[in-house]
Amino acid sequence: MASKLQLPADDSVTLIVSHSNLTSFSSDVRVSQQTTVEALKEKLWKKTGTSVASMRLELRDETGTRVADLDRDAAPLAAYSPYDGYRLHIVDLDPSSVTSGGWLEDTSLVEKYTISDEAYDKLGTNFRKFKEKMVSKNPVSDDKQSDNQMEELCANIKVGHRCEVEPGAKRGTMKFVGKAEALGRGFWVGVQYDEPLGKHDGMVKGVRFFECPQGHGAIVRPEKVKVGDFPERDPFEDEEEEI
């Protein structure tokens with residue numbers, strides 16, 4: 001009786017995902033080699049916005065050299081002999097794609113909502129009125145009160161601890177806690193995000209506060225930081241089925 005080929009229990013590989021239109025997008029993904037190219041495209045479409053019909057996948061080695069084009073939708077990933085650390089590069093062939101033009105990454109291209117001071121003052125309630133009301137009730141100066149509140153928050157914030165930063169629930173590791181005159185009065189927290197969601201590499205206005213990869217650094221007020229057990233996210237963790 002002919003024996004059947006027995007695959008190992010875990011034939012998955014970890015690949016780095018990049019995108020032709022999203023220069024700051026980079027993510028690690030662990031995927032079974034039995035996943036078809038078409039199924040893989042379906043997953044990546046939900047993550048990047050590039051449609052399956054307009055998506056071409058390239059497999060690249062650690063040096064960035066293209067190893068193969070994943071051009072057979074019905075073929076399993078194993079047919080292209082991927083290794084851990086290889087790059088899965090998405091090429092968006094649609095010139096009108098939502099990923100083109102840079103507006104998904106460059107917020108300066110997004111139209112901002114503005115309101116005149118006159119219109120703002122006419123609102124029944126707004127933050128300016130609320131602040132004036134609170135100041136009239138509390139004789140302690142705003143600056144001193146703010147400093148005291150931030151110092152209390154920083155008491156539980158330690159360099160090296162994991163955290164989540166709002167808005168956006170961005171996860172990372174705290175790299176700096178303290179005052180930074182170059183940024184303004186009060187206390188600040190420096191964070192190295194797990195993903196390239198920051199604005200710098202730990203240097204702001206010519207001052208080095210900490211070191212991290214470019215685009216992963218951010219410095220925020222302590223009230224934006226939630227300390228806790230926040231492991232790095234799997235980019236596919238919110239999918240119901242596995243790849």
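Reader: Is Ser 81 buried, partly exposed or exposed?
Author: This is a predicted model, where local features need pLDDT of at least 70, side-chain atom pairs count only at pLDDT 80 or more, and totals for chains, interfaces and linings use all residues. Residues are numbered from 1 along each chain as its sequence is written, and side-chain values use heavy atoms, without hydrogens or water. Buried means under 20% relative accessible area, exposed over 50%, partly exposed in between (1.4 Å probe, protein chains only). Ser 81 has a relative accessible area of 45%, so the class is partly exposed.

Reader: Where does Ser 81 sit?
Author: Phi of Ser 81 is near 50°, a positive value in a residue other than glycine. Most residues other than glycine have a negative phi. Strands (E, at least two residues) and helices (H or I, at least four) are DSSP runs numbered from the N terminus. Ser 81 belongs to the loop between S4 and S5.

Reader: Which other loop holds a non-glycine residue with positive phi?
Author: Ala 169 has a positive phi of about 50°. With a relative accessible area of 17%, Ala 169 is buried. Ala 169 is in the loop between S6 and S7.

Reader: Which residues does the cis peptide bond join?
Author: The proline lies in the loop between strand S6 (162-165) and strand S7 (170-180). Omega is about 0°. The bond joins Glu 166 and Pro 167.

Reader: In what order do the 5 strands of the open sheet run?
Author: Two strands pair if DSSP finds at least two bridges between them. The edge strands, S2 and S4 (66-69), each pair on one side only. The pairing is mixed, and the order is S2-S1-S5-S3-S4.

Reader: Which residue stands opposite Glu 58 in S4?
Author: S3 and S4 pair in the antiparallel sense. Opposite Glu 58 stands Asp 69.

Reader: At what angle does H1 run to S3?
Author: H1 lies across S1, S2, S3 and S5. Angles run from 0 to 180 degrees between N-to-C directions, with axes fitted to C-alpha atoms, for helices over the stretch in contact (heavy atoms within 4.5 Å). For H1 and S3 the angle is about 105°.

Reader: Which members of the largest nonpolar core touch the most other members?
Author: A nonpolar core is a set of buried Ala, Val, Leu, Ile, Met, Phe, Trp, Tyr and Cys residues joined through side-chain atoms within 4.5 Å. The largest has 19 residues. Those touching the most others are Leu 15, Leu 44, Leu 57, Leu 70 and Tyr 80.

Reader: Which residue in S11 is the bridge partner of Val 189?
Author: Strand S8 (residues 184-193) joins S11 through 4 bridges, antiparallel. Both faces of S11 (residues 217-220) are covered, with Gly 217 and Ile 219 buried on one side, Ala 218 and Val 220 on the other. The partner of Val 189 is Val 220.

Reader: How many disulfides does a search of the whole structure find?
Author: Cys 154 counts as buried at 9% relative accessibility. Cys 163 is buried too, at 0%. With a disulfide taken as a pair of cysteine sulfur atoms within 2.5 Å, the search finds 0.
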